[in-house]
Amino acid sequence: MTTLLSLPPWFPLHFVPASNLVGILPVLIVGGGSVLVLLADLAVPRRGNLVLPVISGVVVLGALGTAVGQWILNATNPVVFNGAFADDRFALFADFVVLLTALAVICLSPGYLRRRGMEEGEYYILLLASLTGMLVLSGATNLIVIFLGVELLSIPLYVLAGFARDEPLSQEAAMKYLLLGGFASGFLLYGMALIYGETGHTGLAAIHQQLLQGALSHSFDPMLLAGIALLSVGLLFKVSAAPFQWWTPDVYQGSPAIVTTFMSVATKVAAFAVFLRLFSATLAPYRSEWEVPIAVVAIISMVFGNLVAVAQTSVKRVLAYSGIAQAGYILIGVAVGSPDGTQAALYYLAAYAFMNTGAFAVLTILSQRGEDCDRYSQLAGLWRRQPLLAGLMALFMLSLAGFPMTVGFFGKFFLFSAAIHDGQLPLAIWGILTSAVSLFYYLRVILVMFTAVPDADSDTAPTLAGLSLEGTAVASSTAASVGIPAGVVVVLAGVGTVVLGIFPALIYTLLQGITVVHG
Amino acid sequence: MNPTLILVLSAIVLGLPTAGFAVSAISAGRLPHRLVAWTGPGVILGAFVATLIIFVAMLQQPASSRGITVVFWHWLNTSVASGHGVAAQTGFNANFSIRIDPLSVLMMLVITGIGGLIHVYSVGYMAEDPGFNRFFAYMNIFITSMLLLVMSNTLVFLVIGWAMVAFASYALIAFWYERRSAVVAGRKAFVTQVIGDVGLYLGAFLIFLNLRGAHGQLLHTVNMQTIFANVGPGAHFHDGLGPLGGGMVTAIGILLFLGAAAKSAQWPLHTWLPDAMEGPTPVSALIHAATMVTAGVYLVARFHPIYQQAPVAAGLVAFIGIGTAMMAGIIGCTQYDIKRVIAYSTMSQIGLMIFAVGVGAYSAGMFQFFTHACFKALLFLAAGNVIHALHDDQDIRLMGGLSKRMKATFVAFTVGSLALAGIPIFAGFFSKEELLGSGLALGPAVPWLWVVGVLVNVLTSFYIFRVVWIAFRGEPRSEHAEHAHEAPLLMLLPVLVLAGLATVVGFLNVDFAGFAPITLFSAFLKPVLGVPAATASDTAGALALLAGFLLSVGGIVLVWAVYGRGLISRELVPNHLPWLYQLSFRKFYWDEIYDVALVRPTVSLATVIRRVIEPEVMDGALGGIRDSIAALADDFRTFQTGFLKDYATWFFFFAVVGLVILGLRLS
């Protein structure tokens, strides 16, 4: 415990050591920001202004700047609030990815919400609240805090999933997500209860010590194992790994595209952060027990996700199943358990943020009043109408499929390489085989964009302001401008996808210094 | 040398042409030609300036410290991904690293310098072409690829540059894609390149797999400096056969040469080069003078530590080189297309270079490369002026009398011809005599390879002055030739610069037969290439010099006698030795032989595959896989009913299954 005298006496938290507050500074900024947006929403007129997104963007930028500053200044602190939270580089890396994704989503939001007629202030409040939960989750080192983070993350998302209030699909998605999410939380909580019951601790460090003793004497506590299993089920639900993925396609399809963007990337990153922290650090002594089950779940996810995606006709559903498959790939990194595996999984998460945000961003840009861009037919002939958007979408698809010279290639390369070095060849083989299957549906998107004839009704798709190439946009009189921020986001995602595919070391060197701690 | 400075400068050298490519390509015809007319040549000249700075910085260093390896970034590195100490040794680390040393700087100077002049020339030559921007996009990416090839310090990026050169040459040869012959020629060049590429890939892969270090351990490296350090003499001998094993190193040498032969148009992969004349003339100058065809010479010189360990492979290289030189010389004597004659002369001259690097006279081979780049670019560009003036007529029988109408071009072409023929004071004389002198000293015990090399001289001067005589002297034989005009200044200027170079660069290295030695050139390359194992004695050298010179002059005299005075009938050879004439005129029938032996069987095989194997076997199998995947997908998706109760049930079911399995395992 460091000094607590630096705070002024009127400060309400003067009993809290300042270092603790520094440790959760990004969480405080985003959490406070959501309250700020709540208040601002009362003050400003409702529709058509950019006050709320600008405030939200500044808040996220502030949190991002704080996190970057902590990383650069090496001002990390693995023990915050008596070990309930860790402000280490692992958490900071996950924060970067989550915050960047959130920033991208905020940039995409105003245009999308306007086109879909959903300009409600609550949107930004809920977004920031969910983001707070994600930031809590990335550094959580106590079971209670983990649960807190999961719920704080989920509850705003339940609302956001149903944000298109007059669309039955959106309402259905919200309802399914809420009920199944509650169901999964039950498993999570039950698992935590069992672990607490057996070890008498909720702190991950203390639990680790207990496990270590058990593992040394080769006596694995069955109740503890059951607790770990139930906890895993709860988390596997959040990362949408098969066979606990049931909610994913329906919710991804039903939710507004912008919410799906946020949900598919940021949620997955935050949930995997806690997953990796638990398994590669806290539960490491029991690795012989969980290694095979996690590997099996990884394989089921890769097979199920990639196979069923082939049979889909909705692009959002395709991306949902692709997300299930991607969860399977990242689980390879968890199952491998070595530092290589953890680094590879983190690399993949960063890669996933670029390519998946990019892919969904294209869908949000193409979404029009009344419905999201979701059918293949809406993408048909996109190359003729919007060569830049079509080219970028093709790039994201190739990256998701793992083509060389894209970031997705190195994501898969590092994961498979870690699996092979760890002697888990079957995992790599399954990964490669299912990647081949994934080409079926990724390339189909490209095929449709570049060959098929556009629908008559999709001519009104908006152009990318200032970026659309001359002479290619049809029906320019009806085309609405998307705005610069959305265009910048999708172009930057494309640039990141390519640049990190050529210079993978830009991220990999960041990851080399990361060791996972658990309080 | 300051590594940071070198890093920045070499990034500029590689980056500028790439940026030029990007500008021309992305604009895709939208940018005005006038802008691309500046950026296209400008980026290359900028790269040339950066190269010059590197060159000057290098000259200020002592000879021993003129080599530097700069790592740009780590691209693929499995030893990082593994992180374990043991795996780090078996890991595969492909850095993007470049090697700056006298050899690569020489290549860079020629590529950017001569290449830059050709770019300037192209602005004039292509001015009326609708594909102006596309042309400069291809030209710039070609320069980038070539620079990558010579600068790379890893086999991986060497291979990438090698393949990119093949692609860029394909694009340039088939530039006028509406002309069927151009497309076919481009395709032929590309297919030939790919055959060579496979050789290079296999050779590189064998090095990667088999190279052993000082303690007999497998190195598994793609770093070329590490490879050379471990392959040379004095390295640890493994199994008594050298670090690679005797047969292995010979196989590697031959495979690498397969790649070199395709790029440098050496027998048996030479047939693409004459057809490549379908491309615009600046392309011919770029590909056949300064860059692509010399890549093979560079490759053998760069990998000379391997060839020094593989005498059989090196001998084969020398043999093929001299054979190609002779064959191409004979063919050149009977062709009528002005560009084809020059193309065969290129093949012949490159053959001599390959011969030189084969016998171990690396520096002499590179010197010939250097002077050849100057005078051959000159010949092509001067020929380009002629073709431009004659509205794309290339047949010398339709020319005549051009010396009066295009004086400057005539002078330039003659200077180039004198240099090519090896007439004293012109560049070709010094380089060729040094090359043949080294050949005499280093060749096999019986100097018959040298004899062949000297005989090539007479052919060279005969075929090139035959062109000079028929095309430039006499009376115009066509409407176009009658009204030919001198080329505009933009096209004349590069030609005149090259004519100056072709006259003087020979004096950089005057080192044969006891002459007062000037060894600026060979001393510059010595840190990389070493010195030849032997040099000819002064007497032998002087005799060789005299023989070479007399034969060169003899060729010119022969042209004068045949075409000037008519002392010897033009029909002499066709009438009395018809088989020789036909052999030459039909280019030794290689196209026909390949057509019967390779192309037709391949086409027949492909037809069978297309008609039988593809629909029945491949499509059947693939379709089967596709159908079963689709069927599986349909089966699986039925689980996803959309009903919440089902989802919750499945969720619960699988959680319970997990727990049950856990319980069974524990009990």
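A polar contact is a pair of N or O atoms within 3.5 Å; within protein, one of the two must be able to donate a hydrogen and the other to accept it, and residues adjacent in sequence count only if both atoms are side-chain atoms. With that in hand, here is what turns up where the two chains meet in this predicted model. Between chain B and chain A there are five residue pairs in polar contact, both residues being at pLDDT 80 or more. Salt bridges, by contrast, number zero between chain B and chain A.

Now for the extent of the meeting place. The size of an interface is often given as the accessible area lost when the parts come together. Here chain B and chain A bury about 3,700 Å² between them, and 75% of that is on carbon and sulfur atoms. On the chain B side, B:Trp75, B:Gln640 and B:Phe651 supply 20% of the area that chain B buries against chain A, more than any other three residues. As for head counts, the contact draws 48 residues from chain A and 34 residues from chain B.

Which elements of chain B each supply at least two residues of the side that touches chain A? They are β1 (68–77), α3 (78–82), α28 (590–637) and α29 (644–666). The largest share comes from α29(B), with twelve residues. Sorted by class, the side of chain B that touches chain A has 22 nonpolar, seven polar and five charged residues.

The model scores ipTM 0.84 and pTM 0.77. Chain B averages a pLDDT of 81, with 92% of the residues scoring at least 70. Over residues 80–89 of chain B, though, the pLDDT is below 50, and this stretch has 16 contacts in the model beyond near neighbours in sequence. Residues 234–241 of chain B also stay under 50 in pLDDT, and the model has ten contacts for them beyond four places in sequence. Where pLDDT is low, the predicted coordinates should not be read in detail.

Over in chain A, one residue gets a look of its own. A:Val407 sits in helix α18 (residues 407–421) of chain A. Is A:Val407 buried or exposed? A:Val407 counts as buried because its relative accessibility is 0%, where buried means under 20%. Leaving aside neighbours within four places in sequence, A:Val407 is in contact with A:Tyr347, A:Ala351, A:Met355, A:Ser399, A:Thr497, A:Leu500 and A:Gly501. A:Ser34, for its part, is 373 residues from A:Val407 in sequence and 33 Å from A:Val407 in space, C-alpha to C-alpha.

Technical notes
Residues are numbered from 1 along each chain as its sequence is written. Chains are lettered from A and ligands numbered from 1 in the order in which they are written. Side-chain values use heavy atoms; hydrogens and water are left out. Contact means heavy atoms within 4.5 Å. Buried area is the accessible area (1.4 Å probe) that two parts lose on being put together, summed over both. A salt bridge is a side-chain nitrogen of Lys or Arg within 4 Å of a carboxyl oxygen of Asp or Glu. Helices (H or I, at least four residues) and strands (E, at least two) are DSSP runs, numbered from the N terminus. Ala, Val, Leu, Ile, Met, Phe, Trp, Tyr, Cys and Pro count as nonpolar, Asp, Glu, Lys and Arg as charged, and the others, Gly among them, as polar. pLDDT is the predictor's confidence in each residue, from 0 to 100. Buried means under 20% relative accessible area, exposed over 50%, partly exposed in between (1.4 Å probe, protein chains only).
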